[in-house]
Amino acid sequence: MVKINGELFDVDGKSVSEYLKSAGYDMKRIVVERNGDIVPKLQYEETMLTDGDSVEIVSFVGGG
């Protein structure tokens with residue numbers, strides 16, 4: 001199980017990109033942190049989620 005934003009998901013073996021697409025995230029407006037390290041957008045396809053990972057996904061929102 002992978003903890004994503006505080007919730008457990010069975011996504012072991014999926015890439016960061018696969019998870020984000022399946023969850024409906026806008027890739028242009030987020031930052032992904034995996035086990036305390038920022039994942040560069042160019043590495044979303046090759047970065048695999050593994051059992052025990054802790055992931056935080058932060059969405060940017062505009063406003064004023």
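Helices (H or I, at least four residues) and strands (E, at least two) are DSSP runs, numbered from the N terminus, and D53 lies in the loop between strand 4 and strand 5. This is a predicted model, in which local features need pLDDT of at least 70 and side-chain atom pairs count only at pLDDT 80 or more, while totals for chains, interfaces and linings use all residues. Residues are numbered from 1 along each chain as its sequence is written, and side-chain values use heavy atoms, with hydrogens and water left out.

- Five strands form an open sheet in the order 2-1-5-3-4, with mixed pairing, where two strands pair if DSSP finds at least two bridges between them.
- Strand 2 (7-9) and strand 4 (37-39) stand at the edges with a single partner strand each, so one side of each is left without a neighbour in the sheet.
- Strand 3 (residues 30-34) and strand 4 run antiparallel and are joined by three bridges, with R34 standing opposite D37 in strand 4.

**Surroundings of D53**
- D53 is buried, with a relative accessible area of 6% (buried means under 20%, exposed over 50%, partly exposed in between, with a 1.4 Å probe and protein chains only).
- The side chain of D53 makes a polar contact with the side chain of R34 (2.9 Å); such a contact is a pair of N or O atoms within 3.5 Å, and within protein one must be able to donate a hydrogen and the other to accept it, while residues adjacent in sequence count only if both atoms are side-chain atoms.
- A polar atom of the D53 side chain also lies 2.9 Å from the backbone nitrogen of T50.
- Leaving aside neighbours within four places in sequence, D53 is in contact (heavy atoms within 4.5 Å) with M1, V2, K3, R34, N35 and M48.
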